[in-house]
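The entries are kept in the order in which I looked.

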Amino acid sequence: MKTAVGTALLTFALLAPGTRAHAAATRGYLFIVGGGPQSDEMVQRFVDLAGGKKAKIVVFAMASSDGKQSGEEKADDLRKLGAEAHAYFIDQNEANSDSMVKNMEGVTGVWFGGGDQVLLTKALLGTRVEKAIHARYEAGAVVGGTSAGAAVMSNPMLTGEERHPGGVRPPSDSSQHFMTIARDNIELVPGFGMIKGVLIDQHFLRRRRHNRFISAVLDTPPHFGAAIDESTALIVHPDGHWTVIGESAVSIYDGRHAAITAAGAPVLGESGLILSVLPSGGSYYPTTGKVVFPTK
């Protein structure tokens, strides 16, 4: 695992926003939802990006124990909007099968359901189906997901676990999480890396996840992340710029030019971290850090 994470971190640093590799790889859309209820407008937008009534969408719901049911419910919602949609609940063996790879042919949309992101990567990471997802994205398909399905978009990805709860003062209540901003506390593992050089967090404002995300961003080159609130989607466009739709906002932490305390320092500190809170209708340009607010 340490080797895999190290490789992921190296890839993460090399493919920072604004590099030629990043620009070349981004051909479809990413539709990253921070969890919670999705409005009819959001679901319709995803279907439209997948081709509307010509869309062929696959739903992967392995992150949840009830994924067979919830995945089929999601597929049914997409079919009601005119898309051809199929739900799959598969393991690694099936994700490497000829039949499942064939199911990916001509796909114009991929959706990852919520739950536990580690279960999604356990089923798909390194498989032929994951390779097919990247290929479809590079061919113009939209790849989306919510909650756990948002977390898997980055590489490395947050698991939702921490290594040293409470730091020097561990909490007596196990429900108290992420009480510190600290180095080497946030557990990161390889994700799918659909978005390059950007950490992703979800349920952000609703669940007050500032401590865990700022720790992860400061501790992980290139020190750049997008934290998406519930009922809100971050849309990554083919040219690389971002827009936001939904009820809340996306918090963008840009420490690419910040001064950060050295490894081994007693406190994880920084100077120059830029926080941008992008509301629905706003746009963001990762290469320059430019924010454009909605006019209404």
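My notes follow, beginning with the ground rules.

**Ground rules.** The model is predicted, so I kept local features to pLDDT of at least 70 and side-chain atom pairs to pLDDT 80 or more, while totals for chains, interfaces and linings use all residues. Residues are numbered from 1 along each chain as its sequence is written, and side-chain values use heavy atoms, with hydrogens and water left out. I took helices (H or I, at least four residues) and strands (E, at least two) as DSSP runs, numbered from the N terminus.

**Sheet.** I looked up the strand order first. An open sheet of nine strands runs β3-β2-β4-β5-β1-β10-β11-β16-β17, and its pairing is mixed. I count two strands as paired if DSSP finds at least two bridges between them. At the edges I found β3 (84-88) and β17 (290-292), each of which pairs on one side only. Neighbouring strands are turned against each other by 15 degrees on average, direction ignored. Axes here are lines fitted to C-alpha atoms, for helices over the stretch in contact, and angles run from 0 to 180 degrees between N-to-C directions.

I then checked one pair. β1 (residues 29-33) and β5 (residues 142-146) are parallel, with five bridges. Within that pair, Leu30 stands opposite Val143 of β5. Helix α4 (residues 67-80) packs on the sheet and touches β2 (56-60), β3 and β4 (109-112). The direction of α4 makes about 175 degrees with that of β3. Contact means heavy atoms within 4.5 Å.

**Cores.** I defined a nonpolar core as a set of buried Ala, Val, Leu, Ile, Met, Phe, Trp, Tyr and Cys residues joined through side-chain atoms within 4.5 Å. Buried is under 20% relative accessible area, exposed over 50%, and partly exposed in between (1.4 Å probe, protein chains only). The largest core has 44 residues, and Phe60, Phe112, Leu124, Ile133 and Trp242 have the most contacts inside it. Helix α8 (residues 128-138) gives the largest share, four residues. I listed the partners of Phe112, leaving out residues up to four places away in sequence: among them are Phe60, Leu120, Val143, Met153 and Phe192. Apart from this core lies another, of 20 residues, including Phe31, Val59, Ala85 and Ile245.

**Helix α3.** Which residues of α3 (residues 40-49) are buried? I found Met42, Val43, Phe46, Val47 and Leu49. Seen down the axis, the buried residues fall within an arc of 165 degrees, so they line one face of α3. The arc is that of the directions from the helix axis to the C-beta atoms. Asp40 and Glu41 are exposed on the other side of α3. Gly51 follows the helix, with a positive phi near 120 degrees.

**Salt bridges.** I counted a side-chain nitrogen of Lys or Arg within 4 Å of a carboxyl oxygen of Asp or Glu. The structure holds ten salt bridges, and I looked at three of them.

- Arg79 and Glu72 have their closest N and O atoms 2.3 Å apart. Arg79 is partly exposed at 32%, and Glu72 is partly exposed at 36%.
- Arg128 and Asp98 meet at 2.7 Å, N to O. Arg128 lies in α8 and Asp98 in α6 (residues 98-103), so the pair ties together parts 30 residues apart in sequence.
- Arg212 and Asp201 come to 2.6 Å between the closest N and O atoms. Arg212 is in helix α10 and Asp201 in strand β8, eleven residues apart. Arg212 is buried at 3%, and Asp201 is buried at 0%. Shared partners join Asp201, Arg209 and Arg212 into one network.

**Backbone.** Most residues other than glycine have a negative phi, and most peptide bonds are trans. I noted the exceptions below.

- The bond from Asn155 to Pro156 is cis, with omega near 5 degrees. Pro156 sits in the loop between α9 (148-151) and β6 (157-162).
- Pro221 and Pro222 are also joined by a cis bond, with omega about 0 degrees. Pro222 lies in the loop between α10 (210-219) and β9 (224-228).
- Phe178 has a positive phi of about 50 degrees and is buried, at 15%.
- Arg208 has a positive phi near 50 degrees and is exposed, at 78%.
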